[in-house]
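Please look at the sequence and the structure below.

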Amino acid sequence: MSLVIEELAVSVDGNQILESVSLEVGSGEVHALMGPNGSGKSTLSNALMGRPGYRITSGTVSIDGTDLLALNTAERAAAGLFLAMQHPTEVPGVLLVDVLSASLAGGEGLDEAVRAELEAINLDESFLERPLNLDLSGGEKKRNETLQLALLKPKYAILDEIDSGLDVDGLRLVSRRIEQATNDDGLGVLAITHFTRLLTELKADKVHILAKGRIAETGGAELADELEETGYARWVGEPEADEPVAADPFADPFA
Ligand code: ADP
Ligand code: MG
C-alpha cells in the first residue's frame, strides 16, 4: 500500500514549477521533503490535493493503486489523502465542531474521541466553538490541522510545514501525535519542513531534497542534518542574494 508519484510535472499560471517529481510513500512510512523557498514544495502539496490553478502537465499519482488524478478533491480525501496546509484557510461562519461532525458523520463516541485528541495536542475545548481557523495564531492553526488529521484518520498525510508557528511544546505534541498515527494506524506521511526539529519525534525513514523542479537527492535522516549545516548550495549552486538560507530558530546561539 502506497502513495506513488511518478514523474509529476506541474505548472502554475503558465510557469512550469515542477519538472519531474517521483517518490513513493508507503503505509506507516515518514518521508521528509526539504528544499529551498520557492522550490515548489507547496505546489506539490496543492497539486496532489487537486487545488484549482495547479495544472498537472504530465506524470501520474496513485493512492493504493487508484488513479488519484482522476478524482476531484473531495474524492481524493475520501480515498484517504489529507493535506495539512502551510497556511490553513480561515472560514468565517463555519465552526470547527461543525466541520468535524460533518466530516465524521455518524461517528460513534465522537465527543469522547474529540476530547482525547484535544488533550493530546493541548488545545482548549473552546476552539471547537470558534469559526474554522479564524483569528487563530499560527501555532493554534497547526494544532487545529493536527486535530483534524487525528480524527479523520487518513491513509496518507501531506504536512506542509506543520512545524511553522508552533512553539516548542506544541511541536513536540504534534510530532508525537503524528508519529503515533504512523505506528497505530499505518499512516504514511510526507512531511515538508525546513528543520530537523520536527524529525526528532516524527522519525523520517527517508529525506528528499526538492530543487530545480525535481528530487535532487534522497537519503536518510543524516541528509537533513547535513542540510542544516551546509544549506542548499550543493543542490542549487550559490544561494541567491535575495533568498538567504533560512536560519534555524531553534539553534543554540552559543553553539
Ligand atoms: P515552496 O513551498 O517550496 O516554498 P511554492 O510551491 O509555494 O514553493 O512556490 C513555488 C513557485 O511557484 C514560487 O516561485 C511561487 O511564487 C510560485 N507559485 C506558487 N503558487 C503560485 C500561484 N498560485 N500563483 C503564482 N505563482 C505561484
Ligand atoms: Mg511552501
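In this predicted model, a salt bridge joins the side chains of E90 and K141, with N and O 3.0 Å apart. The two residues come from distant parts of the chain, 51 residues apart: E90 sits in the loop between strand 6 and strand 7, and K141 in helix 5 (residues 138–152). K141 has 14% relative accessibility and therefore counts as buried, the limit being under 20%. E90, at 35%, counts as partly exposed.

This contact is one of nine salt bridges in the structure. Another is formed by the side chains of E217 and R234, at 2.7 Å from N to O. Because E217 belongs to strand 12 (residues 214–219) and R234 to helix 8 (residues 233–236), the bridge ties together parts 17 residues apart in sequence. R234 also forms a salt bridge with E226, where the closest N and O atoms are 2.1 Å apart. Through shared partners, E217, E226 and R234 make up one network.

The aromatic side chains give one pair. Y232 and W235 are both buried.

Finally, the metal site. S42 (OG) and Q86 (OE1) coordinate the magnesium ion (ligand 2) at 2.1 to 2.3 Å. S42 is in helix 1 (residues 41–49), while Q86 is in the loop between strand 6 (81–84) and strand 7 (91–95), so that distant parts of the chain, 44 residues apart, are linked. S42 counts as partly exposed, because its relative accessibility is 21%.

Key: Residues are numbered from 1 along each chain as its sequence is written. Chains are lettered from A and ligands numbered from 1 in the order in which they are written. This is a predicted model: local features need pLDDT of at least 70, side-chain atom pairs count only at pLDDT 80 or more; totals for chains, interfaces and linings use all residues. Side-chain values use heavy atoms; hydrogens and water are left out. Donors are N, O and S atoms within 2.8 Å of the metal (3.2 Å for Na, K and Ca); water is not among the atoms, so sites may look incomplete. Helices (H or I, at least four residues) and strands (E, at least two) are DSSP runs, numbered from the N terminus. Buried means under 20% relative accessible area, exposed over 50%, partly exposed in between (1.4 Å probe, protein chains only). Rings of Phe, Tyr and Trp (its six-membered ring) pair if their centres lie within 6.5 Å; planes under 30 degrees apart count as stacked, over 60 as edge-to-face and the rest as tilted. A salt bridge is a side-chain nitrogen of Lys or Arg within 4 Å of a carboxyl oxygen of Asp or Glu.
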